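Trainee: I would like to go through this model feature by feature. Please give the general idea each time, then the case at hand.

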Amino acid sequence: MQLLALVLILVGVVQTYGPSTKITRIKNEAVTESSGLVASRTTPGVYWTHNDSGDGPFIYAFDTTGESLGVFKVTNANARDWEDISAGPGPQPDKSYLYAGDIGDNNEKRSEVTVYRFLEPDLKPGDKSSTKSKPRTTEPAEAIRLKYPDGAHDAETLLVHPATGKLYIMTKVAFKNPVIYEATAPLNPKEVITLKRIGEVRIPSIFGGAITGGSVSPEGRRVAFCDYFQGYELVLPESSNNFDDIWKQKITSFDLGKREQGESIAYRLDGNALLATSEKVADLFQVERRRPKR
């Protein structure tokens with residue numbers, strides 16, 4: 001993917017992000033298929049990840065040295081096919097919630113999908129000793145049940161806006177444009193919510209919309225996505241305060257490094273970098289945002 005960066009430079013495209021750097025490898029050997037990634041909102045420098053299908057409802061905390069900071073089992077949750085994780089507001093004001101997306105559906109047969117919402121754990125030094133076999137537990141999760149208005153879809157990208165709490169799912173579809181669906185907060189766990197189709201997003205890739213992960217920036221004006229090959233970003237114009245205008249903008253692409261089946265991407269808490277993991281090898285990559293010249 002370094003070739004991609006060179007091509008963009010040669011054709012005069014301004015790159016938003018600098019070169020990709022592998023900064024560490026996640027040291028917890030229980031993280032075998034990192035499928036989602038999100039920066040902690042309560043503990044700067046900490047990230048949460050989870051495995052793909054087959055692991056159970058576990059989330060893993062680590063820092064940028066790769067050290068494990070805790071393993072938590074999500075209370076009242078099941079894990080059929082967890083694909084992404086996000087952070088955002090919830091029922092209690094001024095509290096950070098994590099949203100785990102059980103949204104994978106390779107065969108497109110699920111009548112509904114589930115997003116589990118729960119309070120972000122307050123990490124303590126003693127949590128470092130927790131393991132998958134002896135995990136800590138989260139506060140009870142709420143199961144937000146969702147269905148598409150036009151039949152089942154496979155998806156691996158879950159987004160939650162940090163201010164409004166709106167939830168977005170982007171479908172995963174090769175050689176076509178992926179579709180964005182929306183659920184407006186408050187998200188009622190007592191009913192099945194029908195998602196609203198927002199529209200398609202044009203991905204500048206010959207492989208189309210095989211999008212494997214996404215993230216909303218902490219200030220809520222940028223969205224990043226990834227596929228197996230590179231990263232993408234949409235930016236809300238300064239003239240707009242309507243977040244849904246972001247889906248109409250031109251998407252830019254950037255190199256995310258030599259990931260092995262990369263399936264996750266997340267903004268750093270300060271919004272000035274993006275981090276990404278690999279599913280096959282738990283390496284952590286980072287790209288720094290370039291400062292605009294003045």
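Trainee: In which sense do β22 and strand β23 pair, and over how many bridges?

Mentor: Some ground rules come before that. This is a predicted model, in which local features need pLDDT of at least 70 and side-chain atom pairs count only at pLDDT 80 or more, while totals for chains, interfaces and linings use all residues. Residues are numbered from 1 along each chain as its sequence is written, and side-chain values use heavy atoms, with hydrogens and water left out.

Mentor: In general, strands of a sheet pair through backbone hydrogen bonds, either parallel or antiparallel. Strands here are DSSP runs (E, at least two residues), numbered from the N terminus, and two of them pair if DSSP finds at least two bridges between them. β22 and β23 (residues 273-278) are antiparallel, with 5 bridges. Within this pair, Y267 stands opposite L274 of β23.

Trainee: Why is strand β5 described as largely enclosed?

Mentor: Burial is read from relative accessible area: under 20% is buried, over 50% is exposed, and partly exposed lies in between (1.4 Å probe, protein chains only). In β5 (residues 68-73), 5 of the 6 residues are buried, so the strand is largely enclosed by the rest of the structure.

Trainee: Which strands does β5 pair with?

Mentor: One partner is β4 (residues 58-63), antiparallel to β5 over 5 bridges. Y60 stands opposite V71 there. The two strands make a hairpin with 4 residues between them, and G66 in the turn has a positive phi of about 90 degrees. β5 also pairs with β9 (residues 136-137), this time in the parallel sense over 2 bridges. F72 has R136 of β9 as its bridge partner.

Trainee: Which residues other than glycine have a positive phi?

Mentor: D94 sits in the loop between β6 and β7 (97-102) and is exposed, at 84% relative accessibility. F175 also has a positive phi of about 65 degrees. F175 belongs to the loop between β13 (173-174) and β14 and counts as exposed at 63%.

Trainee: Where is there a cis peptide bond?

Mentor: A185 and P186 are joined by one, with omega at about 0 degrees. P186 is in the loop between β14 (179-183) and β15 (192-194).

Trainee: What does the side chain of T49 contact?

Mentor: A polar contact is a pair of N or O atoms within 3.5 Å; within protein, one must be able to donate a hydrogen and the other to accept it, and residues adjacent in sequence count only if both atoms are side-chain atoms. A polar atom of the T49 side chain lies 2.6 Å from the backbone oxygen of G36. T49 is in strand β3 (residues 46-51) and is buried, at 0% relative accessibility. T157, in strand β11 (residues 155-160), is likewise buried at 0%. The T157 side chain reaches the backbone nitrogen of G213 at 3.3 Å.

Trainee: How many cavities of 30 Å³ or more are counted?

Mentor: On a 1 Å grid over the protein atoms alone, a cavity is a set of points where a 1.4 Å probe fits but cannot get out, and lining residues have an atom within 4 Å of a point. Grid points are joined across faces, edges and corners, and a volume is the space filled by probe spheres set on the points. The count is 2. The largest cavity holds about 80 Å³ and has 14 lining residues, with V38, R41, S86, S215 and V216 nearest its centre. β2 (34-39), β6 (82-88), β18 (213-216) and β22 each give two or more residues to this lining.

Trainee: What volume does the second largest cavity have?

Mentor: About 40 Å³. Its lining includes N51, D55 and W82.

Methods. 1 Å grid on protein atoms, 1.4 Å probe; cavity = no way out; pocket = protein on both sides within 12 Å on 5 of 7 lines; lining within 4 Å.
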